[in-house]
Amino acid sequence: MSGRVIAHLDLDAFYVSVELRRRPELRGRPVFVGGQHRGVVLSASYEARARGVRSAMPSVTARRLCPEAIVVQPDMEAYVEASRAVFAIMDTVTDVVEGASVDEAYLDLTATRSRLGRPEQVVADLRARILSEQGLPCSVGLAPNPFVAKMASVAAKPDGMLVVPQGRVTDFLWPLPVEQMWGVGESTAATLNWLGLRTIGDLARTAPATLQRALGPRQGEKLVDLANGRDPRRLTDRRPEEHERSIGAQETFPADVYDPEVVHRELLRLAERTSARLRRARLVGRTVTLSLRFANFSALTRSMTLTEPTDLTDEIHRRAVSLYDRLGLQRARVRQVGIRMEGLRDSATVSTQADLFTPDQGWREATAAIDRANLRFGPHAVQRASLTRTW
DNA sequence: TCTGGGGTCCTAGGACCC
DNA sequence: TCTGGGGTCCTAGGACCC
């Protein structure tokens, strides 16, 4: 027996809650935060949810369902700042706070009992502090492992807390439909239903080999474990941004694009964004991946691995353009393009001796100057000439 | 005016090496 | 001449999460 005590804390309708904090006149009304043209709902108030508005739903659909909803444009900087403040409060409770995203975290409370007392009380105090100091409601699940804690926090929403002790884990999980299980999306749910499995309890009683045939060795084994309330994963205190495995940028055009030159230009913008973030994190990447989505929503990726990792805008742009041109698209209607860098390494571990006398060095110096200017004067203070044109 | 942008992890086949 | 297996890297695609 592990005897672990894990809390999962999830801020309720986080982006909307941050907006309500500075616009209290919107309280009690249907509100959602969403993108403009081809955007989706990022966060919806519970009043909007009552009208069928869901996150990830196209904004146009949401407006149709709820025409009187107040639509707010996202302000990521405000959300990131609010997130930092909440994490600072969580950090006072335990050293082991694993950020799962901007608005949720796992806390290991196993070792805090002797210092702070009963975990239920610790969590109740934590929720009260986040509400009083930051004006943000949250929900918490308290359980023997991260998976059950996550499932409990969802069940506790909104503005609630649910404790699931070891002895009650299967009573809690097994009646729930498989669709509600973390790790089961649309595709897996369809496969499970096809097998006649409707609840997490059904899943728990299925032979692992059956699921492994249907879902693959890893996922099959994992789902049976989770369905039985077993999740031995250890938490780490790392923030997501401290162990990134890839960095990238993508953009959906306001209208589908036919002209390859327009795509090339957008790729330069994306290469710029990606490489600036690499340099800022002092990382270099070795694999460049180009991704495309077409008007019919089909998608593809093409990648190439370089002999030496890079953080240079023009190197990344050149490779992405080459991957794109190699496709030989004719009259393709491009909806979205993206660039992602993988195989990341600390740039300090990569020898810079080798390129001291190469043509890249000039670019490296120019790039560093642009980064400095953009840090001082804002992200678009200095741009390449070809980006100042509009398409 | 249907369907964002940021990610992680897994699978599978082929190349290549031992 | 025939017959192996394992490990790693690269590439492409797909599922999932927030």
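Which polar backbone atom is 2.6 Å from a phosphate oxygen of DNA strand B? The polar backbone atom belongs to R245. This is a predicted model, in which local features need pLDDT of at least 70 and side-chain atom pairs count only at pLDDT 80 or more, while totals for chains, interfaces and linings use all residues. Residues are numbered from 1 along each chain as its sequence is written, chains are lettered from A and ligands numbered from 1 in the order in which they are written, and side-chain values use heavy atoms, with hydrogens and water left out.

**First stop: DNA strand B**

Select DNA strand B and the 24 residues around it, of which R38, Q250, T252, R277 and R335 come nearest; a residue is near a strand if one of its heavy atoms lies within 4 Å of it. Of the atoms of DNA strand B within 4 Å of the protein, sugar and phosphate account for 64%.

Next, display the polar contacts (pairs of N or O atoms within 3.5 Å). A phosphate oxygen of DNA strand B is 3.0 Å from a backbone N or O atom of G248.

**Second stop: DNA strand C**

Now select DNA strand C, which has 19 residues around it; K150, G183, T188, R286 and T305 come nearest. Of its atoms within 4 Å of the protein, 100% belong to sugar or phosphate.

The side chain of D103 places an N or O atom 2.8 Å from a sugar or linking oxygen of DNA strand C. For E104, the corresponding distance from a side-chain N or O atom to a sugar or linking oxygen is 3.5 Å. V184 uses a backbone N or O atom, 3.4 Å from a phosphate oxygen of DNA strand C. The strand β11 gives the most to this surface, with six residues.

Select P232, in the loop between α12 (217-227) and β9 (246-257). P232 counts as exposed, at 61% relative accessibility; exposed means over 50% relative accessible area and buried under 20%, with a 1.4 Å probe and protein chains only.

Finally, select C66, which is buried with a relative accessible area of 1%, and C138, which is buried at 1%.

Technical notes
A polar contact is a pair of N or O atoms within 3.5 Å; within protein, one must be able to donate a hydrogen and the other to accept it, and residues adjacent in sequence count only if both atoms are side-chain atoms. Helices (H or I, at least four residues) and strands (E, at least two) are DSSP runs, numbered from the N terminus.
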